[in-house]
Each structure stands twice: as structure tokens, then as C-alpha cells.
Amino acid sequence: MVTIATSLSPSSASREIQGLALESWRKVGFRSVSLNFPEEIEGLKGNYGSLTEFKTARRSSAYAGARKLVPVADLLEVSFEAGEGPAFVLNADIHLSKDASRLSLCPVDAVVLLPRWEVDAVSAKGAEKNPWGWDGILVGRNLRGRFSNPSFGLGLPWWDYWIPFRALYLKAELFEPGERLATHVRHPEKWNEQDREALTPEMWREVGVYRDWE
């Protein structure tokens, strides 16, 4: 069984949508595990303990000045360890459709990119595909260990671009499903340009480009 790795937000404002997301993952047939920092886990278990397993994060995003967020590289490894087949990392507020079960067929040498479809409510019928980035990534089992840079945290810029860019550098295949499999309820978004700028050199290094950055 494929295990989805995520990092649940301890914010009470996220409780309802994250609970619905976890339930949708289970209905599709996926297990899930949330990687969180020790001070977060007890409170999260009270809200989501019946829906997911928790593991303790041992480190946070590793670039100077980074906010305390779980590295995507660690989430990939947790998913590989806990399940069979591909690793699956998914933002915690994403609702999966019943057809998402076919994502478990991700080829062993490929990466699958899961875009979000924006809605005003989980039950809404109309949806608009977001053209900017991806909310879920599946990495084939033969690529385990090839995405190990801890700088890219879940919730930081670039993490969802880092994996496909590096996959192309590694000459791995990329796939993106054409149908609506992942739904995201619209909410105000905040972009931290300082994080984006700080992580840009890491993106280049991950595709073999090295230089001094100021």
C-alpha cells in the first residue's frame, strides 16, 4: 500500500479542511503519516489521531534563516519506509478524488506531478486548474535517495519545482494526470520572496550548476 507523507498544520483554522483531506485519502485506499516537530504532535493527535499516524521530525529546513518546516526530502523517505511502491508527498489541505487510486501505479523510474484544482468548497462541482506548481509529488521507488537536499521544506517556495527539475536532470520521466484528482479550497496565499530568493541557488545546484551567489 502506498503511504502519503505530509506535515499537518497545528493551526486550529486548518482543522476542518485537513480532517476532510485525510478522510479522502483513506477512502481512496492510501495510508498516511504526518511528520511533525515534537511540540506539535500531542495537540495534533487529539484532532487527527484516528485519521493518520504521526512521526517525529528530526530536523527542519536547512538553509540559513529558514522557517521551521519539515524537509520534503524527509517526507519522501518516510513515505518510502512506511509503504510499498512510490513515495507520495502531499500538502495537508488537498482533497483526493476516488480516481486518485491510480496514482499508486507510478512507474519505478518516474515522477508524477499532481496539480491542484481550485474550488470554493470541497463539494463544489466547478473547478479551475491552478497552473502554478504542484501540491503532490510521487517518486518512483528506483529514484529513492536521489532527492535528498533538506533545504526545501513543505510550505517553502520551490519544493514542488525542485523535484521535477532534478528529475529531468537525472533523466527520469515526468507525468502529470490530465483529470481532476486533487482539489484545493481557495484561501489567501502568502508568498515569502525572501525564502524564494534564498533557495534559488539551491535549485541551480540540484541541476549541476555551481557558482558563487551574493
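Start with the largest nonpolar core, which has 33 residues, and select Val111, Val139, Phe147 and Ile163, the residues with the most contacts inside it; such a core is a set of buried Ala, Val, Leu, Ile, Met, Phe, Trp, Tyr and Cys residues joined through side-chain atoms within 4.5 Å, where buried means under 20% relative accessible area with a 1.4 Å probe, protein chains only. Next colour the elements that each supply at least two residues of this core, among them strand S6 (110-114), strand S9 (136-139) and helix H4 (159-169); helices (H or I, at least four residues) and strands (E, at least two) are DSSP runs, numbered from the N terminus. Helix H3 gives the most, with 6 residues.

The model is predicted, so local features need pLDDT of at least 70 and side-chain atom pairs count only at 80 or more, whereas totals for chains, interfaces and linings use all residues. Residues are numbered from 1 along each chain as its sequence is written, and side-chain values use heavy atoms, without hydrogens and water.

Now centre on Phe147: leaving aside neighbours within four places in sequence, Phe147 is in contact (heavy atoms within 4.5 Å) with residues including Ala73, Val111, Trp162 and Leu170. A second, separate core of 26 residues includes Phe30, Leu90, Ile94 and Cys106.

Finally, select strand S1 (residues 3-6), which pairs with S4 in the parallel sense over 2 bridges, and find Ala5, whose bridge partner in S4 is Val89.

Notes:
Buried < 20%, exposed > 50% of the residue type's maximum accessible area, 1.4 Å probe, protein only. Pairing = 2+ DSSP bridges.
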